[in-house]
Every structure is written in C-alpha cells, then in structure tokens.
Amino acid sequence: MAPPVAGVVRLAAASRVLVLSLYLLARLLFRPYDTSATLNPPCLSSPPLFPDPNTPVSTAISSLAVWDGVHFARPAECGYEYEQSFAFLPLLPASLALLARSLFAPLVPILGYRAVLVLSGYVLNNVAFVAAAAYFYRLSLLILKDQKAAYRASVLFCFNPASVFYSSLYSESLYALFSLGGMFYLFSGANTVAVIMLALSGSARSNGALNAGYFCFQALLQAYDAAVQKKRPLLAMQALVIGALRSIFIFVPFFAFQAYGYLNICVHGSSEELRPWCKAKVPLLYGFIQSHYWGVGFLRYFQVKQLPNFLLASPVLSLAVYSIVHYTKLLHRLFQTSSIHKQIITALEERSVVSYRRSDDVTILSELSAGLTKKAQGNSTVKQRKSVAAETASATFHDTMSAKQNMEENQDACSILLLPFVLHLVFMTFTAFFVMHVQVSTRFLSASPPIYWAAAHILASPSRSSKRWGYLICVYFIAYILLGSLLFSNFYPFT
C-alpha cells in the first residue's frame, strides 16, 4: 500500500529542508555575481516605518531576495511605485506585508522591516509548497485512480527541477497551492472553495486566470448531460450560465489589479504625458510591461544568441510535449473504444459519488457526536450509525480494490477528466516556447500535473527504453536542483 497524504507531507517538508540547505550552502561557499540586491533605497512616497538596524544578520537575510524576489519585496515594503512593478501580482507582496505586521512583527525592531519581509516570504513559500504537494497527491489520486502512480508523481513534484523557486521569494509556491487545491476541490464537487482558490491563483500569477478553463470544461459536461441524457435544455442553459459566472469570477482578481494600475498611473499619475498603454482601447498594463520592459512577444525570442536558453529549457519542454502526446493517444484510444457520451456520464457519476462520500462522512461524524450527548435515547441509533459507517467503509474499500484491479489490468487506462489538463498544458507549452523568455519554462510549467503523471508512467514502465528515459528524468531533476541552488542563489542566470 502506498503512503498516505501524511507521507507526502513529510517528503515535501524534507525536500524543502534539502533545497534550503543547498541554497544557504551555495551562498556561504560562493560570492554573488550581483550584489545590488542588498541595496535598499528609501520608499518614494513615505518615510520608513521602522529604522533599518543594518546589522550583519539583517543584511544577510535581506540579501536572500534575489532576482524577482527583489521586485516582490519592494511592493510589500513601499507599495507599487513604478510602472514595471505592476508585473508582479499582489498576492505575494500582500501576504509578506501581512505576516511582517502580525506573526513576525516582534522581529521588526531587531532585524528591520525589509529583512522580516524576506524572512516571511521564505517561511510562507516553503509552508505553501508542502500544502501544495499534499493537494497534488490528492488531485493525482482523484484523476489517476492509482495510489502508486499518484505517489510516484508526488515524489517527482517534491523534487521538481524548479525547486529552488518554490523555496525562495517567488510566487510559484502560492500559485501551486491555490491552483492545485482549486483543481482538487473542483473535481471533488466543492465548487465554492474551488472558485475562491482558483481566483487566488490568478492574483499570484497571471496564468492563474487560465484555470477558468476547468470550470468551462465542467459546465460543458453538465450541460451535455442535462441536454442529452436528461432531456432538460433549461438545466443545460443553467449549467452554462453558472459555469460562465464562475469562470468570470476567476478572472476578477487579475483584471481588478489592472484597473488599480490604470487608476494609479493613468488617472492619478504624476506624469504630465499619458503613457502609451493608457491611450489604448483596452488599456492592459500587464501586456505592455511584458512587451516594453522585457521584450516578450510572439517569436521575439527566436534569436541566435538565445540558443543557450533554449537548451536550458529543452528538458522540460521535451517532457511537456511527451506528456501531451502520451495522453492525447490515450484519450484518442478511449474515445475509439467508448463513446464520448458514456465517458461524460461516467465522469459525472464518479464526481457525484465523491461529493456524496464527502458529505456522508460529515453527516456520520456529526450524528455520532450528537449521539454521545444523548446516550439514554440513542442506543439503537448508535448501532444504526455504526452500521452505516461500516457499510460506507466497506464500499470505499471495495471501490478502491476494484480501481486497483482495473489499473493492474490496464495501466494505460484514462478518463475524460484528463482532457482539460492536457489542453491547459498545450496552451502553456505553446506560450512558453513561442512567446515568453523560453528559459522561464522550467518554472512556468512546474505546476502542470500531466508532466509529473507522464514522468511517473515512464518510471513505472518495465521496458528497457523506458528505464533509460526514467534514468535521464531522475538525472535531470537532480541536476537542476543542484544547479538552481548554486546559480540562482548567487544571482547567476538560471531559468
């Protein structure tokens, strides 16, 4: 039997200890290439709330904010002062400021506000990663219906090539936590929690808004079931409208932040001349910043001098393409052997069973608690509740054994629920290769479950070629953890 969620949590915590140890060791053994991260000019709008003690300890902690970490710490300390700072979405800076003024407030007079902000970020992101790993395992178990495959994929996620970013002052951990958690609750039937978590993922990273597609997929399944299976067109329309509203809600945090930027720069800005993007029909600040300051655009990165960056990104892009091809073949085979209608009905029935079991467990627990306070009247009722609990446990065990038996008979079995994950990965891979700075692909794709699911499938395959590829995958993951800890921590280019 594969380890439960607690085992994944312990493994994720151990992986963070390892990465942080390598990170700090690299800082001790090597001199940073760029020391400008230690510079901290005063805020433009207001004087500092707390004087900087400028001690060796506070300086050392502040210097742990490297690369984009500097840009996340600055808004947390001073607010959004510059146009380009609006490229860094507000969830992480707001969380840093909240922790520094609450939980870690006693440390501010000792270390200084900036150092406490950086310390808060490291604590927050490492804890968030552990929680994200737990959600990843639960989501994998829900989609793959195979404990061993889910655990193998979770191990790979815990030691993924972008690990150094999940343990530093970057938004990857918060994005992974809310996107993976939101997906898990979506496919578990807890739609309200899923909407909130996926919306929060959109306030951590801009690509979090793409998670609205999962609700679109859910709405299409429900509408098809209502229109074709139940012959109720009004119910189908209702499902589409609710799905659209939930999808729009996921976009709200991102566009609200763009509106905030428009008000600060275009309406209340100090510049006498309007910025070019302010005059556009759709004044989207984020797109302008990416294009104007970082040169992001379709095929703009296709230059001979960028070949090393393409090589740096080639392993994760290759694994992403393999994942897409692998699961596309499985889905094609699935639709050849079984009708789409049957797959949709099966997926909806499985989701209903999961939702029922979650509510049934809560009902049983609440009834047992009430029974303890009414012993005189509840002897027969308690027996009935025990019977219900036993039947539920028996049914769950039977379903689990049946699922394991089915997976043993056909390890390539899949569900239509894999489709939105594959489509999402297709869009992300295309964007990473053709539009973005390609070296960012390593961390940009690091929260995509199909990559780890496919890699876990390769590792479990008994064929000789798969064993060779599995060995290369392990070498790739380990090498990028070591390289990332060495290069990134000392301000050398990594991904």
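A nonpolar core is a set of buried Ala, Val, Leu, Ile, Met, Phe, Trp, Tyr and Cys residues joined through side-chain atoms within 4.5 Å, where buried means under 20% relative accessible area with a 1.4 Å probe, protein chains only. Keep that in mind as you look around this predicted model, in which local features need pLDDT of at least 70, side-chain atom pairs count only at pLDDT 80 or more, and totals for chains, interfaces and linings use all residues. Residues are numbered from 1 along each chain as its sequence is written, and side-chain values use heavy atoms, with hydrogens and water left out.

Let's start in the middle of things. The largest nonpolar core has 133 residues, and Phe157, Phe187, Leu445 and Trp453 touch the most other members. Helix H6 gives the most to this core, 19 residues in total; helices here are DSSP runs of H or I, at least four residues long, numbered from the N terminus. Leaving aside residues up to four places away in sequence, Phe157 is in contact (heavy atoms within 4.5 Å) with partners including Phe129, Phe136, Tyr166 and Tyr452.

Now hop over to helix H3, residues 68–78, where eight of the 11 residues are buried. Among them are Phe72, Arg74 and Glu77. What covers the buried residues of H3? Helix H4 (91–100) and helix H6 (113–144) are part of the cover.

Residues 239–263 are 100% helix, with end C-alpha atoms 35 Å apart. Residues 416–436 are 81% helix, and their end C-alpha atoms are 30 Å apart.

Notes:
Buried < 20%, exposed > 50% of the residue type's maximum accessible area, 1.4 Å probe, protein only. Helix = DSSP H or I, 4+ residues; strand = E, 2+ residues; numbered from the N terminus.
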